[in-house]
Amino acid sequence: MITALANPQRFLAFSRWAAPLFGAAAAMLLAAGLWLAFAAPPDYQQGDTVRILFVHVPAAELSLFAYVCLAGASFFGLVFRHALADAAARAAAPLGAGFTALALITGSFWGKPMWGAWWVWDPRLTSELILLLFYLGYMALQAAIEDEAKADRACAILALAGAVNVPIVHFSVTWWNSLHQGESVFTSKGPLIAGVYLWPWGLMTFGYIFLFASLWLVRTRAEIWRRRARSLALKAAG
Amino acid sequence: MSAWVLLRRELALAWGRGGGPLLACAFYAGMTTLLPLASGPSPARLAVVAAGSAWAALALSSLLPLERLFERDFEDGALDLLVLGALPLELVCAVKCFAQWLATGAPLAILAPVVSSALGAPLSLAPLTFVCALIGGLGFAFTGGLGASLALGSRRGGLLVAVIVLPLFAPPVIFGGGAVAALAGGLGWTSGLMFLAAYSLAAVALAPFAMAAACRNALS
């Protein structure tokens with residue numbers, strides 16, 4: 001499917017219906033998730049502040065997922081010379097940075113009542129902040145190189161080099177002594193979280209995924225048009 | 001041109017004409033002096049952060065020579081000759097980073113235990129600080145070279161290299177600092193050192209391929 005979508009015309013035709021469809025699915029899933037999130041009973045320890053979980057955790061998951069998509073698009077662009085991979089990678093970076101920032105900020109709002117601090121230099125938090133710096137470095141490199149083809153390739157190499165951070169963020173709670181919650185859903189014993197929390201979390205996660213997919217398709221479309229407009233402008237200038 | 005000749009060239013360029021190991025060491029010393037100036041000279045307070053600050057300042061001092069690592073050859077056309085030469089570009093990049101380690105990383109590693117002790121860390125930490133700085137410096141040189149090659153031809157220079165490279169410096173800083181802190185606390189320090197060595201060796205093995213791809217991209 002990925003190679004089939006390498007044709008820009010086919011991709012534009014596909015995303016024309018796919019992006020609004022994913023957006024609608026995201027809206028429904030987020031609405032259902034938020035409904036269940038507010039309907040769920042308060043936690044015995046955390047009270048009502050546990051509801052930040054349903055915004056914070058999916059955002060953090062998406063920050064990693066977006067980086068994996070970014071690295072995947074970079075890989076396809078670098079190795080297979082996929083025509084649209086560079087546009088897709090460029091489009092994904094600000095989305096990933098946005099989800100990372102959202103995760104850090106909502107986590108900070110949760111940390112103040114729970115841990116008594118807006119920020120701690122915990123392995124999970126620190127590695128997530130480093131992930132944000134990776135995104136920002138990627139966007140800085142992209143902006144700093146004038147030739148777009150060169151910028152695409154350089155950024156692709158950087159994205160692949162930074163992929164080493166993704167397992168570090170994910171496993172930081174297992175490898176180091178962390179204040180942050182450990183792995184609670186995909187454990188060997190099954191989900192350790194209560195059903196009334198598991199369902200809204202799952203719905204919000206899928207809602208975020210569809211939201212990311214929809215926004216990514218829209219941004220890639222915009223990136224394709226921007227490149228076309230740029231080459232037309234260059235041609236007109238002679 | 002053989003790899004040995006290239007190494008001698010890089011070392012001559014790094015150490016000649018007002019360069020030399022003392023330049024990076026002077027910067028390292030100057031930067032470490034800022035810590036007691038900023039946070040007060042109380043020995044008890046400084047001693048707690050001594051080893052860690054020495055390590056962080058080492059990472060930042062390793063950033064300085066990175067900008068000129070490839071940029072100098074890129075500007076005057078020597079990089080074109082190196083790309084076309086008999087040596088594989090991956091080996092050229094590896095030799096450059098290795099020379100960087102010898103020229104600045106190793107002198108900084110020798111200074112690191114001195115700086116750390118000057119800030120108040122116990123002398124028993126000095127040998128491990130030296131070993132960690134030496135091994136970590138290798139990782140800094142190779143990952144730094146990756147950032148330097150990616151930023152070739154951009155207008156932003158040193159600051160861009162630093163922004164790209166600092167997140168990649170985080171793992172060696174974590175492991176190296178963690179090893180020294182573990183020794184200070186009487187815990188097991190070998191695992192931190194092993195992870196640091198693993199990161200540096202992985203950088204030595206993998207970064208030259210990425211650097212060569214980035215150099216070819218910049219020259220195309």
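**Figure 1. Overview of the predicted model and its confidence scores.** The model scores ipTM 0.86 and pTM 0.89. For chain B, the mean pLDDT is 89, and 99% of the residues of chain B reach 70 or more.

**Figure 2. Chain A consists of seven helices and zero strands.** Along the sequence, the elements of chain A follow the pattern α-α-α-α-α-α-α. The C-alpha atoms of chain A fill a box of roughly 70 × 35 × 30 Å along the principal axes. Buried residues account for 40% of the 238 residues in chain A. Of the contacts in chain A between residues at least 6 apart in sequence, 76% join residues at least 24 apart.

**Figure 3. Chain B consists of nine helices and zero strands.** From the N terminus on, the order of elements in chain B is α-α-α-α-α-α-α-α-α. With a radius of gyration of 18 Å, close to the 17 Å that the globule rule gives for 220 residues, chain B is as compact as a globular protein of that length. A box of roughly 55 × 35 × 30 Å, taken along the principal axes, is filled by the C-alpha atoms of chain B. Buried residues make up 50% of the 220 residues in chain B. Among contacts in chain B between residues at least 6 apart in sequence, 81% link residues at least 24 apart.

**Figure 4. The contact between the chains draws on 18 residues from chain A and 20 residues from chain B.** On the side of chain A that touches chain B, α4 (123-144), α5 (148-162) and α6 (165-175) of chain A each supply at least two residues. The largest share of this side, eight residues, comes from α4(A). By class, the side of chain A that touches chain B has 13 nonpolar, three polar and two charged residues.

**Figure 5. The largest nonpolar core contains 138 residues.** The members that touch the most other members are Leu70(A), Ala89(A), Ala92(A), Leu141(A), Ile157(A), Leu158(A) and Ala214(B). Helix α2 (residues 53-79) of chain A gives the most to this core, with 16 residues. In soluble globular proteins, nonpolar side chains tend to be buried together.

**Figure 6. Gly96(A) is a buried residue in helix α3 of chain A.** Gly96(A) counts as buried because 26 other C-beta atoms lie within 10 Å, where 20 or more are required. Leaving aside neighbours within four places in sequence, Gly96(A) is in contact with Ser63(A), Ala66(A), Tyr67(A), Leu70(A) and Tyr135(A). From C-alpha to C-alpha, Gly96(A) and Met1(A) are 23 Å apart in space, with a separation of 95 residues in sequence.

**Figure 7. Pro20(A) has its place in helix α1 (residues 8-39) of chain A.** With 13 other C-beta atoms within 10 Å, Pro20(A) is partly exposed. Pro20(A) and Ser214(A) are 194 residues apart in sequence, and their C-alpha atoms are 6.8 Å apart in space.

**Figure 8. Arg81(A) is found in the loop between α2 and α3 (85-115) of chain A.** The phi of Arg81(A) is near 55°, a positive value in a residue other than glycine. Arg81(A) is exposed, because 10 other C-beta atoms lie within 10 Å and a residue with 12 or fewer counts as exposed.

**Figure 9. Helix α4 (residues 67-76) of chain B has buried residues that pack against other helices of chain B.** The buried residues of this helix are Glu67(B), Leu69(B), Phe70(B), Glu71(B) and Asp73(B). Their packing partners in chain B are α5 (78-84), α6 (89-118), α7 (126-150), α8 (158-184) and α9 (190-219). After α4(B) comes Gly77(B), whose phi is positive, near 90°.

Note on methods
Residues are numbered from 1 along each chain as its sequence is written. Chains are lettered from A and ligands numbered from 1 in the order in which they are written. This is a predicted model: local features need pLDDT of at least 70, side-chain atom pairs count only at pLDDT 80 or more; totals for chains, interfaces and linings use all residues. Two residues are in contact if their C-beta atoms, placed from the backbone, lie within 7 Å. Helices (H or I, at least four residues) and strands (E, at least two) are DSSP runs, numbered from the N terminus. Ala, Val, Leu, Ile, Met, Phe, Trp, Tyr, Cys and Pro count as nonpolar, Asp, Glu, Lys and Arg as charged, and the others, Gly among them, as polar. pLDDT is the predictor's confidence in each residue, from 0 to 100. A nonpolar core is a set of buried Ala, Val, Leu, Ile, Met, Phe, Trp, Tyr and Cys residues joined through C-beta atoms within 7 Å. The radius of gyration is taken over C-alpha atoms; the globule rule is 2.2 Å times the number of residues to the power 0.38.
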